[in-house]
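Please keep the sequence and the model in view while reading the points below.

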Amino acid sequence: MAKPKVFATHRLFEPARKILQEHCEVEYWEKPERPPREEVLRRVKDKEALVCLLTEKVNDELLLAAPKLKIAANVAVGFDNIDVAACTRRGVVATNTPGVLDETTADFAWTLLMAVARRLLEGDALARSGNWKGWDLDQLVGTDVWGKTLGIVGFGRIGRAMARRATGFQMKVIYTDAVRAAANVEKGLGAEYRDMNTLLAESDFVSVHTPLLPETRGLFNVEKFGRMKRTAYLINTSRGPVINENDLVAALESGRIAGAALDVFEKEPAIHPGLRRANVVLAPHIASASLETRTKMACMAAENVVALLQGRRPANILNPEALKG
Ligand code: GLV
């Protein structure tokens with residue numbers, strides 16, 4: 001029997017290719033740059049499964065172009081690029097890759113936090129400029145991390161992994177979330193619940209870990225920045241549109257907050273020019289980018305595809321309703 005046809009919008013990693021190739025006939029987008037939209041729409045035409053990245057929109061347009069599609073497997077935990085309701089309407093299963101990237105992403109949120117607090121990039125630039133004149137008492141003085149208050153916005157798996165890492169820095173950890181964590185979770189992580197406004201008023205570092213939802217889009221705006229300490233830093237490894245970048249730039253320009261460290265942006269790959277400032281650390285959406293983790297994510301997506309094509313329920317299904325009927 002002919003193997004089911006799959007389009008992967010990326011060449012993936014070898015272990016993921018192995019998983020797919022055993023059960024499917026896979027067409028990969030092998031080029032290093034992301035595929036143009038027309039290419040994606042053309043190649044999904046005869047495919048039963050799509051393995052895609054967060055840079056591809058899985059919406060009505062794509063679903064219409066892919067009448068045989070049974071599954072769209074996102075190689076990402078965030079799935080704001082997928083119109084899940086549209087998938088469900090057409091009986092297409094959507095999956096993501098939760099769980100495998102929590103620790104790696106939290107590592108990187110900490111990397112950003114430390115880098116902005118201790119002015120690492122300015123130090124690196126000076127050290128490699130040839131202009132460093134030697135040790136000086138007030139050279140590139142930053143702010144302490146240890147002993148400060150870390151405010152976590154979004155206390156899911158990644159937010160909690162962020163909290164776990166704060167212990168060694170003797171930090172006070174506070175968090176806010178739509179749903180308060182169980183008492184034993186709070187106790188285990190040494191984290192205290194605050195409402196959003198109180199968290200903003202108390203935190204020295206605010207680290208964002210919410211998914212992008214209608215209610216989190218533009219969450220960080222002029223009003224929220226106005227509630228933060230003037231000495232506080234904002235760290236974002238979640239999704240860019242959670243922050244209103246115009247308002248953030250204004251807050252940075254006016255000294256309303258001390259700095260920011262960002263892995264994600266409102267209109268990727270564009271970055272607001274006002275963010276190119278010494279007190280802002282910028283990264284190109286790489287928080288989960290360790291070889292180990294990205295390989296696991298690709299394998300997870302491949303396994304979701306194989307499961308569905310073999311008539312099993314994919315482990316990371318986002319819309320079980322799509323399976324009914
Ligand atoms: C990356 O941003 C992801 O959602 O996995």
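Leu140 counts as partly exposed because its relative accessibility is 28%. The residue is found in the loop between helix 6 and strand 6, and its phi is near 45°, a positive value in a residue other than glycine. The structure is a predicted model.

**Backbone geometry**

- Most residues other than glycine have a negative phi, and most peptide bonds are trans.
- Arg119 has a phi near 55°, which is a positive value in a residue other than glycine.
- Arg119 is placed in the loop between helix 5 and helix 6 (120-129).
- Arg119 counts as partly exposed because its relative accessibility is 28%.
- The peptide bond that runs from Glu268 to Pro269 is cis, and its omega is near 5°.
- Pro269 belongs to the loop between strand 11 (259-262) and strand 12 (280-282).

**The ligand and its surroundings**

- Which residues are around the ligand? They are Leu54, Ala76, Val77, Gly78, Leu101, Arg239, His285 and Met297.
- By class, this shell consists of five nonpolar residues, two polar residues and one charged residue.
- Arg239 has a polar side-chain atom 2.7 Å from an oxygen atom of the ligand.
- His285 likewise places a polar side-chain atom 2.7 Å from an oxygen atom of the ligand.
- In the case of Gly78, a polar backbone atom is 2.8 Å from an oxygen atom of the ligand.
- On its own the ligand has 200 Å² of accessible area, and the protein covers 90% of it.

**The largest nonpolar core**

- The largest nonpolar core has 28 residues, and those that touch the most other members are Trp110, Leu113, Leu150, Ile152, Phe155 and Phe205.
- Two or more residues of this core come from each of helix 5 (102-117), strand 6 (149-153), helix 7 (157-166), strand 7 (172-176) and strand 10 (233-236).
- Which element gives the most to this core? Helix 5 does, with eight residues.
- When residues up to four places away in sequence are not counted, Phe205 touches residues including Leu113, Ala117, Val145, Leu150, Met171 and Tyr233.
- The residues that Phe205 touches also include Thr143, Asp144, Lys148, Thr149 and Gly151.

**Asn304, a residue in a helix**

- Asn304 is placed in helix 12 (residues 291-309).
- Is Asn304 buried or exposed? Asn304 is buried, because its relative accessible area is 2%, and buried means under 20%.
- The side chain of Asn304 reaches the backbone oxygen of Asn96 at 3.4 Å.
- Apart from neighbours within four places in sequence, Asn304 is in contact with Ile71, Thr95, Asn96, Pro314, Ala315 and Asn316.

**Leu282, a residue in a strand**

- Leu282 is placed in strand 12.
- Leu282 is partly exposed, with a relative accessible area of 30%.
- Apart from neighbours within four places in sequence, Leu282 is in contact with Leu262, Phe265, Ile271, Leu275 and Arg276.
- Leu282 and Val222 are 60 residues apart along the chain, and their C-alpha atoms are separated by 21 Å.

Technical notes
Residues numbered from 1 in each chain as written. Predicted model: local features only at pLDDT ≥ 70, side-chain atom pairs only at ≥ 80, totals over all residues. Heavy atoms only, no water. Near = heavy atom within 4 Å. Polar contact = N/O pair within 3.5 Å; in protein donor to acceptor, adjacent residues only side chain to side chain. Areas by Shrake-Rupley, 256 points an atom, 1.4 Å probe, with all protein chains shown as cover. Nonpolar A, V, L, I, M, F, W, Y, C, P; charged D, E, K, R; others polar. Core = buried A, V, L, I, M, F, W, Y, C linked by side-chain atoms within 4.5 Å. Buried < 20%, exposed > 50% of the residue type's maximum accessible area, 1.4 Å probe, protein only. Helix = DSSP H or I, 4+ residues; strand = E, 2+ residues; numbered from the N terminus. Contact = heavy atoms within 4.5 Å.
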